[in-house]
Amino acid sequence: MRALLARRKIVVPVAVAVIVLVGVGLWAFQPWKLFTSSTVNEKLTDGAVQKGTFRTLAHPTSGQAEIVKGADGSYTVQLRDFSTSDGPAVHVWLTDKAQDAGDAAFGGDGHLDLGNLKATNGNEVYAVPAGTDIAQYKSVLVWCERFSVGFGVAGLGA
């Protein structure tokens with residue numbers, strides 16, 4: 001009987017710890033997102049003042065990024081024919097780093113977060129806050145905040 005009680009004192013805390021660790025792991029890594037995708041097709045406008053083609057960083061990413069100036073003087077970032085992987089806490093950033101900067105350079109300062117990635121595929125439009133000096137940004141970056149890793153980057157040129 002004592003042996004049974006001693007085992008229970010070990011087995012129950014270990015089982016609880018394993019369950020907690022699995023739960024935290026599922027929350028952090030969200031492995032099901034490796035198998036999910038979504039599509040959005042927002043209306044894009046012509047007349048990009050800057051544009052570039054995505055290159056892959058940590059996850060296959062393709063398509064074009066464009067900065068478009070509206071008639072009212074506001075700017076938007078458009079992702080055209082865009083495709084990337086899904087992941088937790090993926091955002092679209094404008095960054096002051098050039099497209100060919102080392103992958104580790106993208107996680108630091110010098111970026112403007114335009115919000116959560118709307119979908120993994122399609123055509124997407126992101127508003128740039130009023131008063132933003134577009135000239136200080138060199139690239140559009142798809143960034144996973146949870147793991148501090150870039151999915152893909154597009155350098156901006158005329």
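**Paired side chains in a predicted model**

Student: Is Glu42 buried, exposed or partly exposed, and what is its relative accessible area?
Tutor: This is a predicted model, in which local features need pLDDT of at least 70 and side-chain atom pairs count only at pLDDT 80 or more, while totals for chains, interfaces and linings use all residues. Residues are numbered from 1 along each chain as its sequence is written, and side-chain values use heavy atoms, with hydrogens and water left out. Buried means under 20% relative accessible area and exposed over 50%, with partly exposed in between (1.4 Å probe, protein chains only). Glu42 therefore counts as partly exposed, its relative accessible area being 26%.

Student: Which residue meets Glu42 in a salt bridge?
Tutor: A salt bridge requires a side-chain nitrogen of Lys or Arg within 4 Å of a carboxyl oxygen of Asp or Glu, and by this rule the structure has four. For Glu42, the N to O distance is 3.1 Å, and the partner is Lys118.

Student: How many residues apart in sequence are the parts that Lys118 and Glu42 tie together?
Tutor: Strands are DSSP runs of E of at least two residues, and helices are runs of H or I of at least four, numbered from the N terminus. Lys118 lies in the loop between strand S6 (111-116) and strand S7 (121-127), whereas Glu42 lies in the loop between strand S1 (39-41) and strand S2 (48-56), so the parts that they tie together are apart in sequence by 76 residues.

Student: Over the ring of which residue does the charged end of Lys118 sit?
Tutor: A charge sits over a ring if NZ of Lys or CZ of Arg is within 6 Å of the ring centre and within 35 degrees of the ring normal. The charged end of Lys118 is 4.8 Å from the centre of the ring in question, which belongs to Tyr126.

Student: Which residues make up the salt-bridge network that includes Arg80?
Tutor: Arg80 forms a salt bridge with Glu66, with the closest N and O atoms 2.8 Å apart. Glu66 is buried, at a relative accessible area of 8%. Salt bridges that share partners make one network of Arg80, Glu66 and Asp46.

Student: Are the rings of Trp93 and Trp143 stacked, edge-to-face or tilted?
Tutor: Rings of Phe, Tyr and Trp (its six-membered ring) pair if their centres lie within 6.5 Å, and planes under 30 degrees apart count as stacked, over 60 as edge-to-face and the rest as tilted. A search of the whole structure finds two aromatic pairs. Because the centres of the Trp93 and Trp143 rings are 5.0 Å apart and their planes are at 25 degrees, the pair is stacked.
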